[in-house]
Amino acid sequence: MDKLKCPSFFKCRGKEKVTASSENFHVGETDENQDRGNWSKKSDYLLSMVGYAVGLGNVWRFPYLTYNNGGGAFLIPYAIMLALAGLPLFFLECSLGQFASLGPVSVWRILPLFQGVGITMVLISIFVTIYYNVIIAYSLYYMFASFQSELPWKNCSYWADENCSRSPIVTHCNISTILGEIIQVNKSRIGANHSNCITGSEIYQPGQLPSEQYWNKVALQRSSGMDETGVIVWYLALCLLLAWLIVGAALFKGIKSSGKVVYFTAIFPYVVLLILLIRGATLEGASKGISYYIGAQSNFTKLREAEVWKDAATQIFYSLSVAWGGLVALSSYNKFNNNCFSDAILVCLTNCLTSVFAGFAIFSILGHMAHISGKEVAQVVKSGFDLAFIAYPEALAQLPGGPFWSILFFFMLLTLGLDSQFASIETITTTIQDLFPKVMKKMRVPITLGCCLVLFLLGLVCVTQAGIYWVHLIDHFCAGWGILIAAILEIIGIIWIYGGNRFIEDIEMMIGAKRWIFWLWWRACWFVITPLLLIAILIWSLVKFHRPNYAEIPYPDWGVALGWCMIIFCIIWIPIMAVIKIIQAEGNIFQRIVSCCRPASNWGPYLERHRGERYKDMVDPKKETDHEIPTVSGSSKPE
């Protein structure tokens, strides 16, 4: 309801007065939308969006990609892909959610035939949420383990085996027997410091770093493969429970509570990165590490390789969290006339600059590690789990005051993961709220906590001794090309079927009319460039698809089959919902398809005051409708 006719501290419902705090406490008295609520402040929204976009990949993947793809030269395709693919999709999703004030499933009233795309986004977010909190649990464990006078992975301890060493290990050498014969022996017969070896006859193999063996033997208690599930690692299970308790506590009032928590979780990582960069810059070898990252080692000839451009496009696409449903969900709580265009520019630039900045902090420390170990930076640099839980902890263990720096680093990973997780859970609860608004108003807390409990139980398999294999399996299948399919259908559906020009008119209802030249770039990207880029990335991903493995251990056939089942379960709802919508429509098959390709009669701005002439005949958005051809002025005519 647009205007309250009863006192401001009451919420009106017919003749009934209900205090806002007693039933619908996630809605503020000054909120524009008294059904769904709005962000308390613009800064709550911006920090939530930055926290959602800036995640672990900015720290553990982007620096490695930059180093591996030509150093500073990689920033050229990275910036181009941001302009051509990342930003157009980001702006589209922010505008879509804000215009209709609906989450990623209900917003497809814009094109009922494609409602399955929204379901796919939410299901993939659920799968990713399960394992993402396990990574947060790893960070919690390492942070707690760092509260010691000496980091437990600093030296090879009781948990280590004979391969634990920071220097190469002699596996074979020639020795001279008492009879004067020269024979080759293995390491079981080589004396201490291989003093009985004939000089120059030694055969070396790289040793396993203490941090690597600690990660596998202590933190994970990793089994030999996915077939060997083993037991639940109790301390990881407790850390996972704690992670879910933090998420549940932050979200129990929805955006009203999470919007305050992100003031810490979104800002603190920048403080830590700055501290780590300052500390790293003072270490010997830091300049060598940074030069490998972005300086003297820049290789512009790499730009001729298609793989570099594919890596840039892929990193931009996944880094900005487009097509996961979270951007639509978070933007749906904006006030109608919020400038979503400037928000999209600001968040995208912040995300990309954070990635670049994080690389300096990471490579300055790795450069020092390479310096003191007498290795090249290329020999110590890692990506993903190997960077976060092996290479960087190894470097921190060799710093004076290592425990302090380790606590800071893993607390930073914790906060980076948490605000991304907040948005993912908010995506789920927003979907539930749109589908069951009355239930959600009365039972937001138990439903939110219930979601966290169910996801915690589903995640227990990821903290068994085979847990890391499950984490990698879900990441390999669910966080890959399924999202690309959703993104391609999203942009084709909205721009080509609903109509790009019509969508631009919707945006101008929110942010005001713009000159035609303003929209020239966005039209070029939305209509042609962005869909073609996404299709190219999808085809490349399918062509380059390989069976998953972790630590060179292949997955069993049943594991690969399970991975395929997970992603098929997510995307199969696209054709299923299309068929359901067509069956529910009226007329012959052609008329049914046409009606499902037009907006539902309850599509448009949520509040009546914002509908104007174009949507003056719109049906109340709180009502479910059939798929009649809309009669809304400006929405019923094809593009």
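The structure is a predicted model, in which local features need pLDDT of at least 70 and side-chain atom pairs count only at pLDDT 80 or more, while totals for chains, interfaces and linings use all residues. Residues are numbered from 1 along each chain as its sequence is written, and side-chain values use heavy atoms, with hydrogens and water left out.

**Overall architecture**

- The secondary structure of the chain comes to 24 helices and seven strands, where helices (H or I, at least four residues) and strands (E, at least two) are DSSP runs numbered from the N terminus.
- Of the 639 residues in the chain, 58% are buried; buried means under 20% relative accessible area, exposed means over 50%, and partly exposed lies in between, with a 1.4 Å probe and protein chains only.
- Among contacts with a separation of 6 or more, 78% are between residues 24 or more positions apart, a contact being heavy atoms within 4.5 Å.
- The chain exposes about 26000 Å², and carbon and sulfur atoms supply 63% of that area; accessible areas come from the Shrake-Rupley method with a 1.4 Å probe, and for residues only the protein chains shown count as cover.

**Annotated binding site**

- An unreviewed UniProt entry lists Gly51, Ala53, Val54, Asn58, Ser319, Asn351, Leu416, Asp419 and Ser420 under "binding site"; UniProt positions are given in the numbering used here, feature names are shortened, and annotations may be inferred rather than shown by experiment.
- These positions span 370 residues in sequence, yet no two of their C-alpha atoms are more than 13.9 Å apart, so they gather at one spot.
- Ser319 lies in helix α12, residues 306-319, and is buried at 6% relative accessibility; not counting residues up to four places away in sequence, Ser319 touches Ala53, Asn58, Asn351 and Ser355.
- Ser420 belongs to helix α17, residues 402-435, and is likewise buried, at 6% relative accessibility.
- Once neighbours within four places in sequence are left aside, Ser420 is in contact with Gly51, Tyr52, Val54, Gly55 and Tyr132.
- The side chain of Ser420 also reaches the backbone oxygen of Leu416 at 3.4 Å, a polar contact being a pair of N or O atoms within 3.5 Å in which, within protein, one must be able to donate a hydrogen and the other to accept it, and residues adjacent in sequence count only if both atoms are side-chain atoms.

**Salt bridges**

- The structure holds 14 salt bridges, each defined as a side-chain nitrogen of Lys or Arg within 4 Å of a carboxyl oxygen of Asp or Glu.
- Lys256 and Asp31 meet through their side chains in one of these, at 3.0 Å from N to O; the pair links distant parts of the chain, 225 residues apart, with Lys256 in helix α9 (residues 255-265) and Asp31 in the loop between α1 (20-23) and α2 (42-53).
- Both Lys256 and Asp31 are buried.
- Arg36 and Asp434 form another salt bridge, at 3.3 Å from N to O; Arg36 lies in the loop between α1 and α2 and Asp434 in helix α17, so the pair ties together parts that are 398 residues apart in sequence.
- Arg36 and Asp434 are both buried as well.
- Lys310 pairs with Glu307, their closest N and O atoms being 3.4 Å apart, and both residues lie in helix α12, three residues apart, about one turn of the helix.
- Glu307 is partly exposed, with a relative accessible area of 32%, and a network of salt bridges links Glu307, Lys310 and Asp311.

**Nonpolar surface patch**

- Phe144, Phe147, Trp234, Leu238, Leu241, Leu242 and Leu245 make a nonpolar surface patch of about 740 Å²; patches are made of residues with over 30% relative accessible area and no salt bridge, with like charges joined within 9 Å and nonpolar side chains (Val, Leu, Ile, Met, Phe, Trp, Tyr) within 5 Å.
- Helix α8, residues 234-251, contributes the largest share of the patch, five residues.
- Phe144 lies in helix α6, residues 115-145, and is partly exposed, with a relative accessible area of 42%.

- Arg592, in helix α24, is partly exposed at 25% relative accessibility, and its side chain reaches the backbone oxygen of Ala585 at 3.5 Å.
- His610 lies in the segment after α24 (589-596) and is buried, with a relative accessible area of 12%; not counting residues up to four places away in sequence, His610 touches Glu32, Phe336, Asn337, Met509 and Pro605.
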